[in-house]
Structures are given as C-alpha cells and as structure tokens.
Amino acid sequence: MHAHKENHAFEPKIVAFVCTWCTYAGADLAGTARLQYPANTRVVKFPCTGRIDPVFILRAFQKGADGVLVSGCHPGDCHYMAGNFHARRRFAAFRALLDFIGVDLNRLQFSWVSAAEGGKWVEVATELTERVRAMGPMREFRELETEEQWSGAIDTPELQAAYEAIP
C-alpha cells in the first residue's frame with residue numbers, strides 16, 4: 001500500500017530529539033508497521049529527554065531546522081525515574097526564553113510517545129510537519145552558523161556526539 005505523495009513548494013526540515021526507550025521505539029514500531037509519516041523528520045536519539053540540553057534545540061534551528069520536536073516517555077514511565085519530569089520543567093522555562101527572543105512557539109513541540117504508540121508518533125510528526133509547512137521556512141537563526149560563539153561545556157563524549165549529530 002503506497003501513500004499518496006503530495007508535492008509542496010516548501011518541505012520543512014524537522015529535527016526530532018527523542019528518548020531511546022519510548023519515542024524512538026514508537027517511531028521504530030511505526031516503521032515496522034509500515035505507517036507513513038513525513039520523511040523530512042530527522043531523529044536524534046538520546047538515552048532520556050532529561051539529557052536534551054536546550055542549546056541543542058537552538059543548534060537545530062541554527063543549522064536549518066524549520067521545526068523541532070522533543071518527545072519522550074509518558075510521565076511516570078521514565079526508565080531513568082524522573083528524567084522526563086526534568087525535561088518538562090526545563091522545556092517550560094525554555095519556551096518562555098524562545099518566545100522572548102522571537103521564535104514562533106508553533107515551530108516547537110514537546111510530546112509523550114510510548115514504545116507501543118507507533119500511530120501516535122505518526123500523528124505527532126505529521127501534525128508538526130504540516131503546521132510548520134504552513135508557516136514557511138525559518139531563517140532567523142541560520143546566519144548564526146557562520147558566527148557561532150559557543151561558550152557552553154559539552155562534558156561527555158555522549159553529549160559531544162549528540163551535538164555533532166544535529167542535522
């Protein structure tokens with residue numbers, strides 16, 4: 001069964017920062033079940049959403065992402081006990097900062113997708129892609145790539161690899 005592919009003038013680049021245990025497994029389930037979701041969603045896998053530094057979200061926008069999705073285990077189901085609660089608090093504060101600097105918050109989404117929710121992964125990825133497609137490209141941070149002033153410390157090889165893997 002082939003999905004009808006529509007041609008659009010603009011195809012957004014979506015970067016998805018996901019938890020290994022739940023959302024990545026849910027996305028994998030969607031793939032093995034042959035559920036169709038936008039191919040322009042690039043997945044960056046983390047052990048836990050609690051390890052996703054807000055700088056990575058800025059870096060994704062800086063490197064050309066038109067939308068960013070952060071997704072992990074449902075509250076209470078984190079394999080690292082409270083990582084998703086930390087991520088939720090961090091994300092709430094970070095949204096306020098993004099709003100302050102002028103980023104349209106519709107370009108950013110936080111969601112909970114379990115390993116058994118391949119269909120929900122498809123819905124979340126498709127809905128964000130369609131919303132960002134309607135908004136058009138985001139160009140505000142792309143010029144920062146050439147003038148990067150990095151002052152943060154990436155203190156582990158795991159975080160260094162994740163930082164470099166942001167598409």
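Helix H2, residues 54-62, packs against helix H5, residues 157-165, at an angle of about 20 degrees, and their axes lie 10 Å apart; an axis here is a line fitted to C-alpha atoms, for helices over the stretch in contact, and angles run from 0 to 180 degrees between N-to-C directions. H2 is therefore roughly parallel to H5, a word kept for angles under 35 degrees, while those over 145 count as roughly antiparallel, 65 to 115 as roughly perpendicular and the rest as oblique. The helices themselves are DSSP runs (H or I, at least four residues), numbered from the N terminus.

This is a predicted model, in which local features need pLDDT of at least 70 and side-chain atom pairs count only at pLDDT 80 or more, whereas totals for chains, interfaces and linings use all residues. Residues are numbered from 1 along each chain as its sequence is written, and side-chain values use heavy atoms, with hydrogens and water left out.

Val55, Phe56 and Arg59 of H2 make the contact with Leu159, Ala162 and Tyr163 of H5, where contact means heavy atoms within 4.5 Å. Of the residues in this contact of H2 with H5, 5 are nonpolar, none is polar and 1 is charged; Ala, Val, Leu, Ile, Met, Phe, Trp, Tyr, Cys and Pro count as nonpolar, Asp, Glu, Lys and Arg as charged, and the others, Gly among them, as polar.

H2 also packs against H3, at an angle of about 40 degrees and with the axes 10 Å apart, so H2 and H3 are oblique to each other. Their crossing is right-handed, and Pro54, Ile57 and Leu58 in H2 meet Arg90, Phe94, Leu98 and Ile101 in H3.

H2 and helix H3 (83-101) are also the elements that give two or more residues to the lining of the largest cavity, a cavity being a set of points on a 1 Å grid over the protein atoms alone where a 1.4 Å probe fits but cannot get out, with lining residues having an atom within 4 Å of a point. The volume of this largest cavity is about 80 Å³, and H3 gives the largest share of its lining, 4 residues. The lining includes Pro54, Ile57, Arg90 and Phe94, and it divides into 8 nonpolar, 1 polar and 2 charged residues.

Elsewhere, the axes of helix H1 (residues 23-32) and helix H4 (residues 118-135) come within 7 Å and cross at roughly 95 degrees, so H1 and H4 are roughly perpendicular to each other. Thr23, Gly26, Ala27, Leu29 and Ala30 of H1 make this contact with Gly118, Trp121 and Val122 of H4.

Note on methods
On a 1 Å grid over the protein atoms alone, a cavity is a set of points where a 1.4 Å probe fits but cannot get out, and a pocket is an open set with protein on both sides within 12 Å along at least five of seven lines; lining residues have an atom within 4 Å of a point. Grid points are joined across faces, edges and corners, and a volume is the space filled by probe spheres set on the points. A crossing is left-handed if the near helix is turned anticlockwise from the far one by less than a right angle, and right-handed if clockwise.
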